Amino acid sequence: MIWKLTEDRPIWIQLVDQLTLRIVSGVYPSGEAVPSVRALAGEAGVNPNTMQRALAELESRGLVETRRTAGRTVTEDSSLIRSVRQNLAYARMDEFLASMRGLGYTDEQTRQLLAEAEREKKEEHV
């Protein structure tokens, strides 16, 4: 995955967000080792201290655990991962609905557009 970092928010917060996405999407599976701080920092092009801060935040949220002999691993708490994933999905849906309202669509009109687009996709594949 490509790291997308911008100037509008602190880098460590963006790293937390992107690492969280990698966890909930299964890029870093439950119970598996997380790459080292140095490896992740090199991949993202950031200072290792910045990556360390992001990983510490993930640990405080319970998504990552530090094990003395195994380094950091993704939590095995699948209900936590599902909950975080669902909360992210709800936030994205809220953002989408807000943008559609900005275009002048009601929530019901947006649902109708989505249903219509889904029908069209199915017809293309028939």
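The model is predicted, so local features need pLDDT of at least 70 and side-chain atom pairs pLDDT 80 or more, while totals for chains, interfaces and linings use all residues. Residues are numbered from 1 along each chain as its sequence is written, and side-chain values use heavy atoms, with hydrogens and water left out.

**Exercise 1.** Determine which residues of H3 are buried, and how they are arranged about the helix axis.

*Solution.* Begin with the extent of the element: H3 covers residues 48-60, helices being DSSP runs of H or I with at least four residues and strands runs of E with at least two, numbered from the N terminus. Its 13 residues reach 18 Å from the first C-alpha to the last, close to the 18 Å expected at 1.5 Å a residue (the expectation is 1.5 Å times one less than the number of residues). Next, list the buried residues, which are Met51, Ala54, Leu55 and Leu58. Seen down the axis, these fall within an arc of 95 degrees, so they line one face of H3 (the arc is that of the directions from the axis to the C-beta atoms). Recall that an α-helix has 3.6 residues a turn, so residues three or four places apart point the same way. Finally, the cover over the buried residues of H3 includes H1 (11-24), H2 (37-44), S1 and S2.

**Exercise 2.** Describe what is found at the start of H3 and what follows this helix.

*Solution.* At the start, a side-chain oxygen of Asn47 comes within 2.7 Å of the backbone nitrogen of Asn49. After H3 comes Gly62, whose phi is positive, near 90 degrees.

**Exercise 3.** Trace the pairing of S1 with S2, and then locate Thr75.

*Solution.* S1 (residues 64-67) and S2 (residues 71-74) pair in the antiparallel sense over 4 bridges, where pairing needs at least two DSSP bridges. Together they form a hairpin with 3 residues between them; the partner of Glu65 is Thr73, and that of Arg67 is Gly71. Thr75 lies in the loop between S2 and H4 and counts as buried at 2% relative accessibility. Not counting residues up to four places away in sequence, Thr75 touches Ser30, Gly31, Gly62, Leu63, Val64, Glu65, Leu80 and Ile81, and its side chain reaches the backbone nitrogen of Asp77 at 3.0 Å.

Technical notes. Buried means under 20% relative accessible area, exposed over 50%, partly exposed in between (1.4 Å probe, protein chains only). Contact means heavy atoms within 4.5 Å. A polar contact is a pair of N or O atoms within 3.5 Å; within protein, one must be able to donate a hydrogen and the other to accept it, and residues adjacent in sequence count only if both atoms are side-chain atoms.
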